[in-house]
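Hi,

Here is the structure I promised to pass on. My notes on what turned up follow just below it.

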Amino acid sequence: MNELDIVPSQDGLRHIRIGVNGMTKLGKLLANTAHLSFHVLGHSGEFRTMENWWVYVRGGCKNHTVCQASASQLPKMALRTLINPYPPKDFRRLIMQGVRSKIEQNPELEDLLVMSKSLPFVRYNIERTNYGPEVVLITDQPWFIRELTLIRKGLLHERATATA
């Protein structure tokens, strides 16, 4: 999907915009800042948001005060933990472990994912220009969209198998 294919008013009909400015509940709940607490197997503490999990992982999974830090505290904590000790593949694996935990522990989010069937997930901003609003795709983490799509595919398969 590219910028020309995206019509923001079609969010929820032709795509799911991930982020707090999305039009769907699913898109908002998938945002890193959505308040959906979760635990991650092998890591102590309850994480308030995915943003908390990201900062925790970037800090080498050592600073447990990050788990429940507020949104206003996180940027300062993130600046102190800029050194990511993990190779990219391990970092992505840990982040997705958090995403899976968030989905599994929040039944409404899981149900919304399943109901979205095959709508593509996209992350974008809308920038104001002299010519009107312009869609700008956020493409720095294609692995996140790919993994999220695979998680949904697995959930759809599980539900289809359970009802068969």
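Let me start with the lining of the largest cavity: by class it has 6 nonpolar, no polar and 1 charged residues. Here Ala, Val, Leu, Ile, Met, Phe, Trp, Tyr, Cys and Pro count as nonpolar, Asp, Glu, Lys and Arg as charged, and the others, Gly among them, as polar. The residues in question are Leu30, Met50, Val99, Lys102, Ile103, Leu109 and Phe144. Helix 4 (residues 88–104) supplies the largest share, 3 residues. The space inside is about 30 Å³, and the count is 1 cavity of 30 Å³ or more. A cavity is a set of points on a 1 Å grid over the protein atoms alone where a 1.4 Å probe fits but cannot get out, with lining residues having an atom within 4 Å of a point; the volume is the space filled by probe spheres set on the points, which are joined across faces, edges and corners.

Before going further, please keep in mind that this is a predicted model: local features need pLDDT of at least 70, side-chain atom pairs count only at pLDDT 80 or more, and totals for chains, interfaces and linings use all residues. Numbering runs from 1 along each chain as its sequence is written, and side-chain values use heavy atoms, with hydrogens and water left out.

Now the helices, which are DSSP runs (H or I, at least four residues) numbered from the N terminus. The axes of helix 4 and helix 5 come within 6 Å and cross at roughly 100°; axes are lines fitted to C-alpha atoms over the stretch in contact, and angles run from 0 to 180 degrees between N-to-C directions. The two are therefore roughly perpendicular (65 to 115 degrees). Lys102, Ile103 and Glu104 of helix 4 meet Pro107, Leu109, Glu110 and Leu113 of helix 5, where contact means heavy atoms within 4.5 Å.

Helix 5 (residues 107–115) also packs on helix 6 (residues 142–163), at about 90° with axes 9 Å apart. Glu110, Asp111, Leu113 and Val114 face Arg152, Leu155, Leu156 and Arg159 in that contact.

Finally, there are 5 salt bridges (a side-chain nitrogen of Lys or Arg within 4 Å of a carboxyl oxygen of Asp or Glu). One of them pairs glutamate 147 with arginine 100, closest N and O atoms 3.1 Å apart. This pair links helix 6 to helix 4 across 47 residues of chain.

Best wishes

Terms used:
1 Å grid on protein atoms, 1.4 Å probe; cavity = no way out; pocket = protein on both sides within 12 Å on 5 of 7 lines; lining within 4 Å. Parallel < 35°, antiparallel > 145°, perpendicular 65-115°, else oblique.
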